[in-house]
Amino acid sequence: METITEHLKEVNLVEISTSKTNPRSDFNEQSIQELSESIKDNGLLQPLLVRPIAKGYELVCGERRFRACKRIDMESVPVQIKNLNDQEALEAQIIENLEREDVHPLREAETFRLMIDKGHFRIEDIAIKIAKSEKFILQRLSLNNLNAEWKKLFYRDDINLSKALIIARLDKRYQKEVAENASDWSGGIKSAKQLQSYIDSNITALLSKAVFNPLDENLIRKAGACIDCPKRSGANGSLFPDVKEDDRCFDHLCFASKTEKHIQSEIDRIINTAESIYLIRSKNQDMDGELSEKLKKLDIKVLVNYDDFETIHGEDKRKHKIQGFWLNGYDRGHYAAIKLTKKQEEALLDPKSKACVNVQIEKINARAKRMLELDAEKVHKRIIETMCETEELTVLGKHTYSDATEKVGRLILWNALSWPKKEHYGKLLEIDKYETEGASGLLKRLMELTKDDMAIIINNVGFDAFKSSLPIHSEALALRSLAESFGSIPIADFETEQKAIADKRLSRQKERIAKLKNSVKS
């Protein structure tokens with residue numbers, strides 16, 4: 001039977017080089033000093049594991065012992081020599097690192113990530129190799145997601161493993177937010193329960209309470225359906241074992257974006273289809289200013305709770321049911337069964353009267369007009385979203401200079417002019433020549449301008465933008481070049497005058513320095 005002693009050899013320390021793939025990167029200096037003293041008294045009881053390389057040997061396992069031996073100036077050490085390839089050496093280092101009693105969970109996390117990235121292990125392979133559950137491996141791997149600040153707190157034992165796991169499953173932008181609100185009354189870190197409570201209230205959201213459909217993959221195309229999202233607690237029970245209730249979303253910005261998109265879509269649908277659904281709001285809370293202005297322009301009345309209507313709780317058994325859509329408050333984005341107050345009912349016109357019919361026709365026409373505007377906005381939005389993904393916009397050389405490019409450039413320059421200059425040059429260049437054609441008329445006139453016409457716009461935009469730059473900057477050099485091209489600015493005279501002033505200043509400076517040197521006692 002082959003024994004370990006058959007592979008032992010005494011090797012000079014100078015022949016051994018450390019490995020660059022060792023997962024362990026931190027070493028406690030006091031611990032190494034204590035080990036040095038022990039080796040000095042008792043010798044090295046466990047040989048180092050090395051593998052032969054072109055020049056000497058590479059240390060595979062035992063860097064802590066290696067450092068301790070170097071500290072007491074040992075010339076040689078016993079080693080076990082094995083012919084290992086890179087994969088085998090890495091695996092030996094990983095296993096040794098994981099078998100340490102004092103291994104930190106973050107080091108385990110980094111080691112498991114290294115095994116997957118460099119060793120091509122699968123999660124189930126790691127679980128079998130170290131006799132741990134796949135849930136254990138997954139939770140350790142999640143610790144790699146901690147940002148630098150939380151890792152530092154974890155290494156210092158300012159937070160324990162349960163707190164670290166709670167934070168690690170958050171996106172780094174939310175980890176920063178939690179860090180800013182993590183201190184308790186004594187200056188320490190809140191308990192795991194308190195941290196979870198803050199996260200549940202401010203960062204995560206229950207999908208069961210979403211006003212939008214979590215299965216809708218087209219609501220925000222880039223985000224897709226919530227059911228396919230890894231930031232959903234139900235997507236991975238091993239990472240979210242403490243989340244007992246229904247699916248919880250761990251990305252409140254995405255959740256909020258979907259909520260806003262859904263609410264806006266519902267409001268537009270109610271407005272544009274002239275449905276018999278009232279827009280309702282709470283009188284005690286503010287409503288979005290932009291939406292309020294939009295409804296005012298469309299002459300759409302928003303009913304106020306208690307003044308104009310009351311909500312009906314439970315089953316609505318009325319024959320003629322009335323629905324409302326909440327624009328603010330706790331129920332924002334939800335539909336509700338409502339009952340109009342007597343005051344509001346009295347204010348309504350007889351639905352069969354000519355006045356009421358005329359009002360309804362005006363509303364339908366106004367909403368139809370607004371619907372066409374929204375159609376144009378939706379088309380424009382789709383154009384913009386598609387442009388973002390085209391190579392013609394993002395890859396150099398995919399799109400050559402065209403009339404469209406020139407049109408964009410001229411509009412950018414025109415828009416960059418200050419308002420007074422727009423007024424002045426707009427009249428000189430007849431910018432409003434096709435004013436009756438609206439926005440397209442402005443573009444049409446800009447494309448008719450000659451290069452000399454555009455020169456006055458470009459020069460003024462450049463002058464306003466660069467006039468405050470320092471002479472060493474490219475902006476100042478460009479302005480100087482422009483000034484030189486005018487031929488009417490005596491730049492050489494300016495420089496001559498300033499040089500004469502500088503020469504006098506330098507002369508006085510030399511005289512003062514000479515006097516100071518002569519005043520020094522020999």
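Predicted model: local features only at pLDDT ≥ 70, side-chain atom pairs only at ≥ 80, totals over all residues.
Beginning with the chain as a whole, its secondary structure comes to 21 helices and 12 strands. The radius of gyration is 37 Å, whereas the globule rule gives 24 Å for 522 residues, and because the value for this chain is well over that figure, the chain is more spread out than a compact globule. If we turn to the C-alpha trace, its span along the principal axes is about 110 × 95 × 55 Å.

Let me move on to the helix pair. Helix α9, which covers residues 172–180, packs with helix α11, residues 252–272, at an angle of about 110 degrees, and the two axes are 10 Å apart. An angle between 65 and 115 degrees counts as roughly perpendicular, so α9 is roughly perpendicular to α11. On the α9 side the contact is made by Arg173, Tyr174 and Glu177, and on the α11 side by His252, Leu253 and Cys254.

Finally, I come to the aromatic rings, where the count comes to 4 aromatic pairs. There are also places where a charge sits over a ring: Lys132 lies over the face of Phe136, at 4.9 Å from the ring centre, and the charged end of Lys444 sits over the ring of Tyr434, at 4.2 Å from the centre of that ring.

Terms used
Residues numbered from 1 in each chain as written. Heavy atoms only, no water. Phe/Tyr/Trp six-rings, centres within 6.5 Å; stacked < 30°, edge-to-face > 60°. Lys NZ or Arg CZ within 6 Å of the ring centre and 35° of its normal. Axes fitted to C-alpha atoms, helices over the stretch in contact; angles between N-to-C directions. Helix = DSSP H or I, 4+ residues; strand = E, 2+ residues; numbered from the N terminus. Parallel < 35°, antiparallel > 145°, perpendicular 65-115°, else oblique. Contact = heavy atoms within 4.5 Å. Rg over C-alpha atoms; globule rule 2.2 N^0.38 Å.
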